[in-house]
Amino acid sequence: MNYQILKTIIDTELKRFETISEDEWSYKASPEKWSRKEIIGHLCDSAFTNIRRFVVTQYKENENIVYDQDHWVKAQNYQNIPTAEVINLWKSLNYQIVHIVENMPDEVLQRTSDTSKTTPEILTLEVLIKGYIDHLHHHLKTI
């Protein structure tokens, strides 16, 4: 797999983020909807969780690693953190993911992790990495 695409996404988005005003980052369409800043925060939470998956699955199969996205965003209070700090966290976490996947031996890509909250959902590292990139694309489109 070519993981260079993730680094390209990060670099491209960081340039685009500079064109978004602080008001646009903080705007919430309604109290229950996430702002752009909270979406980036959610992507940080996703990165935290997936870093753990990408590392642990290399040495321990079918570990159950999940998170509750709404609770994480609320608990981390991204809405009240300076936008630049949230963006820097997102950048750092994603560059760490690039480092992890670039250094991942091919033979571990078929090892599996359980990502379910209830019924087991067993996915290979290869599928998890692709899913992470797809999830990133999905949320970045909404910003």
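A crossing of two helices is called left-handed if the near helix is turned anticlockwise from the far one by less than a right angle, and right-handed if clockwise. Everything below comes from a predicted model, in which local features need pLDDT of at least 70, side-chain atom pairs count only at pLDDT 80 or more, and totals for chains, interfaces and linings use all residues. Residues are numbered from 1 along each chain as its sequence is written, and side-chain values use heavy atoms, with hydrogens and water left out.

**View 1. Helices H3 and H5 cross left-handed.** The axes of H3 (residues 36–56) and H5 (residues 83–102) come within 9 Å and cross at roughly 25° (lines fitted to C-alpha atoms over the stretch in contact, with angles from 0 to 180 degrees between N-to-C directions). The two helices are therefore roughly parallel to each other (angles under 35 degrees). Helices here are DSSP runs of H or I with at least four residues, strands are E runs of at least two, and both are numbered from the N terminus.

**View 2. Side by side: the contact of H3 with H5.** Among the H3 residues that meet H5 are Ile40, Leu43, Phe48 and Phe54, and the H5 partners include Val86, Trp90, Leu93 and Ile97. Contact means heavy atoms within 4.5 Å. The residues of this contact divide into 16 nonpolar, 4 polar and 1 charged (Ala, Val, Leu, Ile, Met, Phe, Trp, Tyr, Cys and Pro are nonpolar; Asp, Glu, Lys and Arg charged; the others, Gly among them, polar).

**View 3. The two ends of helix H4 (residues 69–76).** At the start of H4, a side-chain oxygen of Asp68 reaches to within 3.3 Å of the backbone nitrogen of Asp70. Just after H4, Asn77 takes a positive phi of about 55°.

Key
Polar contact = N/O pair within 3.5 Å; in protein donor to acceptor, adjacent residues only side chain to side chain. Parallel < 35°, antiparallel > 145°, perpendicular 65-115°, else oblique.
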